[in-house]
Amino acid sequence: MEVKAINSAGASVGDRIVLSFETASLLKATFLIYVFPIILLIAGAALGQALAPFIKISPSALSVLLGFSFFFTALFIIKTRANRMAKKNAYQPKITKILT
C-alpha cells in the first residue's frame, strides 16, 4: 500500500513502518465526510416539508428537491474543505517508527 506521509522517523523505501494519525484530526475529517452530508440532507428535507404549504407545492417533491440540493451543497463544501485540509500537516499520517 502506498500512502503519502510525513517522514519524521527517517524511513527509506522498502522499510516497514508504523503510521500514526492525530485523533482529533481524524475525527474531524470523519465527521465532515460521513455525518455532515446526512445532516444537511435531513435538514433540507425537513425544510422542504415545512415550506411546502406556503408555496403550494407537494411536500414530498419539495422535500426531495431541497434534501438533494442540501446534500450536493454538502459535497461541494466537503470538496473545498478537503483540499484545504490536505495541505495541513495535522491531517497527514506521520511515520513514527521503523520496524525493519
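A residue here is called buried when its relative accessible area is under 20%, exposed when it is over 50%, and partly exposed in between, using a 1.4 Å probe and protein chains only. Take I98: at 34% relative accessibility, I98 counts as partly exposed. Before going on, keep in mind that this is a predicted model, where local features need pLDDT of at least 70 and side-chain atom pairs count only at pLDDT 80 or more, while totals for chains, interfaces and linings use all residues. Residues are numbered from 1 along each chain as its sequence is written, and side-chain values use heavy atoms, with hydrogens and water left out.

Let's stay with I98 for a moment. I98 is found in strand 2; helices (H or I, at least four residues) and strands (E, at least two) are DSSP runs, numbered from the N terminus. What is I98 in contact with, leaving aside its neighbours within four places in sequence? The list is A9, G10, A11, D15, R16 and I17, where contact means heavy atoms within 4.5 Å. Now look for S69: I98 and S69 are 29 residues apart in sequence, yet 47 Å apart in space, C-alpha to C-alpha.

The partners are E22 and K94, whose closest N and O atoms are 3.6 Å apart. E22 lies in the loop between strand 1 (17-20) and helix 1, and K94 lies in strand 2 (residues 94-98), so the pair ties together parts that are 72 residues apart in sequence. E22 is partly exposed, with a relative accessible area of 39%, and K94 also counts as partly exposed, at 21%.

Next, the helices. In soluble globular proteins, nonpolar side chains tend to be buried together. A nonpolar core is a set of buried Ala, Val, Leu, Ile, Met, Phe, Trp, Tyr and Cys residues joined through side-chain atoms within 4.5 Å. Here the largest one has seven residues: A29, L32, F36, L40, A74, I78 and M85. Helix 1 (23-55) and helix 2 (59-86) are the elements that give two or more residues to this core, and helix 1 gives the most, with four. Pick out L32 and, skipping neighbours within four places in sequence, you'll find P37, I78, R81 and M85 in contact with L32. Over in helix 2 sits S63, which counts as buried at 10% relative accessibility. Not counting residues up to four places away in sequence, S63 touches G44, A45, G48 and Q49.

On a 1 Å grid over the protein atoms alone, a pocket is an open set of points where a 1.4 Å probe fits, with protein on both sides within 12 Å along at least five of seven lines, and lining residues have an atom within 4 Å of a point. About 300 Å³ of space lies in the largest pocket. Of the 16 residues that line the largest pocket, A29, M85, A86, Y91 and Q92 are the closest to its centre. Which element supplies the largest share of this lining? Helix 1 does, with five residues.

Key
Grid points are joined across faces, edges and corners, and a volume is the space filled by probe spheres set on the points. A salt bridge is a side-chain nitrogen of Lys or Arg within 4 Å of a carboxyl oxygen of Asp or Glu.
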